[in-house]
Amino acid sequence: MFLAAIATPLVASPPLLAQEKQEKDADLTEQAPALPPAPVADQRPHQVTLHGRTLSDPWHWLRDPGYPEVDDADILDYVRQENAYFDAAMKPHAKLVETLFQEMKGRIKEADASVPQKDGDWLYWVEFEEGAEYKKWYRKPASGAGESALILDEVAMAEGKEYFRLSDVSISPDGRLMAYAVDDNGSERFEVRFKDLTTGAALPDVIPGTLSSLVWTAGNDAILYGLANENWRTDNVRLHRLGTPVAEDKLLYKEPDIGFGVGIGKTAADNYIVIATGDNETSEVYLLPAGDPEAKMQLVSARRKGREYSVDEREGTLYILTNDDHPNFRVATASLAAPGEWTTLIPGSDHSYITDLAIFRDYFVLETREDGLDQVDVRRYDAPLTPGRIRFPEATYVAGLGDNPEYHQDKLRLDYESMITPDTVYDYDVATGTLETLKVQEIPSGYDASQYITEWVNLPSRDGKTMIPASLVYRKGTKRDGSAPMHLYAYGSYGYRVAPGFSTTRLSLVDRGMIYGIAHVRGGDDMGRAWYLAGKTTERQNTFDDFIDVAKGLIAKGYTRAGRISIEGRSAGGQVMGVVYNEAPELWGAVLAGVPFVDVINTMVDETLPLTPGEWPEWGNPITDKAAFDYMLSYSPYDNVAAKAYPPMLVSAGLNDPRVTYWEPAKWVAKLRNVRTNDSLLLLRTNMGAGHAGKSGRWGALHEDAEEYAFVLTQLGVED
């Protein structure tokens, strides 16, 4: 539910006339093998009654009662039938898929490395080798007096596995030991392992079933971690001392509220371990001395519904980022002796939304957003109200702090990009205020930014008061007469912003004459915290309306026309796709719905699912609140499928997905096949060995992108 063949760029072909397109489609139909009948899922009676309303769900059986184990023969047979149907539908386009894949792959530097960064006595970096799906992790002495050493080999660990994901990699304070966590099926239950970096030997300690960051104590002999409970939630913090049985690990914290999740971190100076618990709108933070993790935890301030806060520490003073008196957050300070008594350091502002606070020895950094544009502001402790904004070269961009692991840093590592500027790594000299370019993303097949245009467009919403922004990128020469096809993306939940950054993948659409757009709809925090609040719970319909209004606004401005727009969203963004699929099917020429959260009611009334209780503040609780039930039912994509003509759609799912369970998209597709009045292409692709993020290797994931873009291009009739 929540929450990287070499080809010359192709110019857009003019749209086919209707008769020409019919003739071309007829030719293709004659050449391609006939598509077999689409799978039909059985209907088996099932009903649930809530708040006096009985809902029929004849595809409820697609949920395996043994989940997270999925071994029901009927369910697996149906999912495999859908995968076979997907393969059959895409087989005639195999050449296009391969062309797209080779284009996308040609824009990626296969043998590549990150910029080394100092942490303690070492420089750390990662490398991809030519052709490799996964990374290798290296380090060398920061003094320069020593050789590079391979400390972690993802390639070797992933060998023979359909799925592999490395989660937290954590080095002990003395640099001698490493803890890391792996998942080899996409279920997000990780196994923690340990390695002695001085000898290269694996330690015998293994901790299964974790779902958390890994935080070392100051003594270098123990870590704090959290286990996933039976409902796939992290509600605990445990202490493991190396060399002792995991069964003897000490429980340090247990969260009593089923809606709260627990996270673990460290303050900038490594003096304190931070234990933070909360849901999507409420926080509570505890501190532990890093050198004495079994000491009594110190509560910073007791949870208060609707108040979020985070904490860092410098020289005995706590620095708190909180939304307690302004939705755009303020920075406050407090003493360790009285951590709950907060004094404003940086007040909240209607204009400037503080998205992050980073503490360093000699200065602190505010990451903010103003009118949708990122700002990075370096401030001194003796003059906290004096701005120290870093200036960047473009008018529209994405910028923020990169990897800055040390408490004392003379230079700040920054990441920067725009929709036409590849990812750029800078070091910012705090003393001189100068930017040094360390690395610019290389596009091996060639890229000329001067051939592209990016725009920030404000479009009117139906309420007549709010302007909804959209970020666009397209090739120079693209006509503004409504003929251009468009691909429009959105997310719109949890205050998560879809940043208008760079993508080599999307060039395969843009170079074929498509305009690529991001709709910055309410529900994200693109325009400030209030923008997020205006798209959650009882304001959720704004998100869907915004997306439709952005599309209509772009049509009115001549960027595209109805039926020439492909749309895409994943997870909660997939919910947006589901709603607008129901509400405005005439606008869309093709839809990509990735792991879509579409069975809203059935999911949000099931307390046993991994994320449900923690999601109630975001969506509402339909169990206890009839108004929330009625509101959610009014937009739930699965519950609002109707007898109407729907445009082509490709839906993706992951059999091991703990966030949006596989049966949501499966049930949705089954119902659409049964209820809709037309036979547009409707495909379901389920990863049988992966989870929420799809395939894990860089080439496997890229091939899925190529399949999705081939679907879009063929359904829109965009020719090579």
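Y78, E82 and Y85 in helix 2 meet A666, V669, A670 and R673 in helix 12, where contact means heavy atoms within 4.5 Å. The structure is a predicted model, in which local features need pLDDT of at least 70 and side-chain atom pairs count only at pLDDT 80 or more, while totals for chains, interfaces and linings use all residues. Residues are numbered from 1 along each chain as its sequence is written, and side-chain values use heavy atoms, with hydrogens and water left out. Helices (H or I, at least four residues) and strands (E, at least two) are DSSP runs, numbered from the N terminus.

By class, the contact of helix 2 with helix 12 holds five nonpolar, no polar and two charged residues. Here Ala, Val, Leu, Ile, Met, Phe, Trp, Tyr, Cys and Pro count as nonpolar, Asp, Glu, Lys and Arg as charged, and the others, Gly among them, as polar. Helix 2 (residues 73-90) and helix 12 (residues 663-675) pack at an angle of about 70°, and their axes are 12 Å apart. Axes are lines fitted to C-alpha atoms, for helices over the stretch in contact, and angles run from 0 to 180 degrees between N-to-C directions. The angle makes helix 2 roughly perpendicular to helix 12, a label covering 65 to 115 degrees; under 35 counts as roughly parallel, over 145 as roughly antiparallel and the rest as oblique. The crossing of helix 2 and helix 12 is left-handed, meaning that the near helix is turned anticlockwise from the far one by less than a right angle, with clockwise giving a right-handed crossing.

A second pair is formed by helix 7 (residues 541-556) and helix 8 (residues 572-583), packed at about 65° with axes 10 Å apart. That angle makes helix 7 roughly perpendicular to helix 8, and helix 7 passes helix 8 in a right-handed crossing. Helix 7 contributes Q541, T543, F544, D545, F547 and I548 to the contact, and helix 8 contributes Q575, V576, M577, V579, V580 and E583. These residues divide into seven nonpolar, three polar and two charged.

Buried means under 20% relative accessible area, exposed over 50% and partly exposed in between (1.4 Å probe, protein chains only). Not counting residues up to four places away in sequence, F547 touches L488, Y489, A490, A519, V521, I567, V576, M577, V580 and W588.

Helix 10 (residues 612-619) is mostly covered, with eight of its eight residues buried. Its buried residues pack against helix 6 (529-533), helix 8, helix 9 (600-604) and helix 11 (626-635). G620, with a positive phi near 115°, follows helix 10.

Two further buried sites complete the picture. T267, in the loop between strand 16 (261-266) and strand 17 (272-278), counts as buried at 2% relative accessibility. K195, found in strand 10 (residues 190-196), is buried with a relative accessible area of 16%.
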